[in-house]
Amino acid sequence: MTHQPPPNSLAAPTPQSTDADAELRDTLLAAGLAEFARYGLDGARLERIAERAGCAKRMVYYYFGDKKAFYLAVLDAAYQGIRASEEKLNLDALEPRAALHLLARNSFHYHEAHADFTRLVLVENLQGGAMLQRMQEGDRLRQAALAPLERLLLRGAETGAFRRDLKAEDVHYLISALSAFRVDHAETWEKLLRINLLSEPNRTRHLDLLLQTLDAFVCPPA
């Protein structure tokens, strides 16, 4: 059974939205993520998204507005997903090095488990980041990515566990690079080099490489 919006309504849902509204909205976001990650903004089709979500195409307009507004909502939700996974780690309660390793492990496993997220980021880069610049929540997402890491690095510097000249953006870059590359390039590595980056023992070895590289970068010289 497909869902239908109220007659003649293309507006966003009112504050009285039901649990069913929230569930369908989340279903559409998940379907949109899969579609945009595969086809990009221009190639994506709302008909396929609606079919995947089990509803009428009109529901996309009802909840999100036009196609670009929907893409922005998908992009925002995708970034919120990884940030929400990090918030659950309670990094401030852990010893700095243990906290940094936990953050890196979370990123490593999250990117593999959410391959559509990494592909959507690639799509947005191919589009020159044009849509990302239009996100109203960009500043909040930026703070969510870097502020916890800045606190962690500061604590580590104060205890002598980390160097004092570290920048959160550099550590974030290192973690993201070694977490996302293996997912983004898994197909070409397997087809060309006959190496499955997502299988064991490669997975465990590359996670160890990430942690060892982090230690070498953040810890002061002996």
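Is Ile-195 buried, partly exposed or exposed? Hi everyone, let's start there. This is a predicted model, and in it Ile-195 has 30% relative accessibility, so it counts as partly exposed. You'll find Ile-195 in the loop between α9 (186-193) and α10 (202-218). Together with Leu-192 and Leu-193, Ile-195 makes a nonpolar surface patch of about 290 Å².

Now for the rings. The structure holds 8 aromatic pairs. One of them joins Tyr-62 and Tyr-63, edge-to-face, with 4.8 Å centre to centre and 65 degrees between the planes. Both of these tyrosines are buried. Another edge-to-face pair is Phe-181 with Trp-189, at 6.1 Å centre to centre and 90 degrees between the planes. Here Phe-181 is partly exposed, with a relative accessible area of 37%, and Trp-189 is partly exposed too, at 28%.

If you'd like to see how ring pairs join up, look at Phe-36, Tyr-62, Tyr-63, Phe-64, Phe-70 and Tyr-71, which are linked into a cluster.

Next, arginines over rings. Arg-48 lies over the face of Tyr-39, 4.1 Å from the ring centre. Arg-163 does likewise with Phe-217, at 5.1 Å from the ring centre.

Last topic, the cysteines. How many disulfides does the structure hold? The count is 0. As for cover, Cys-55 has 7% relative accessibility, so it counts as buried, while Cys-219, at 23%, counts as partly exposed.

That's my tour, and I'm happy to take questions.

Terms used. Residues are numbered from 1 along each chain as its sequence is written. This is a predicted model: local features need pLDDT of at least 70, side-chain atom pairs count only at pLDDT 80 or more; totals for chains, interfaces and linings use all residues. Side-chain values use heavy atoms; hydrogens and water are left out. A disulfide is a pair of cysteine sulfur atoms within 2.5 Å. Buried means under 20% relative accessible area, exposed over 50%, partly exposed in between (1.4 Å probe, protein chains only). Patches are made of residues with over 30% relative accessible area and no salt bridge: like charges are joined within 9 Å, nonpolar side chains (Val, Leu, Ile, Met, Phe, Trp, Tyr) within 5 Å. Accessible areas come from the Shrake-Rupley method with a 1.4 Å probe; for residues, only the protein chains shown count as cover. A salt bridge is a side-chain nitrogen of Lys or Arg within 4 Å of a carboxyl oxygen of Asp or Glu. Helices (H or I, at least four residues) and strands (E, at least two) are DSSP runs, numbered from the N terminus. Rings of Phe, Tyr and Trp (its six-membered ring) pair if their centres lie within 6.5 Å; planes under 30 degrees apart count as stacked, over 60 as edge-to-face and the rest as tilted. A charge sits over a ring if NZ of Lys or CZ of Arg is within 6 Å of the ring centre and within 35 degrees of the ring normal.
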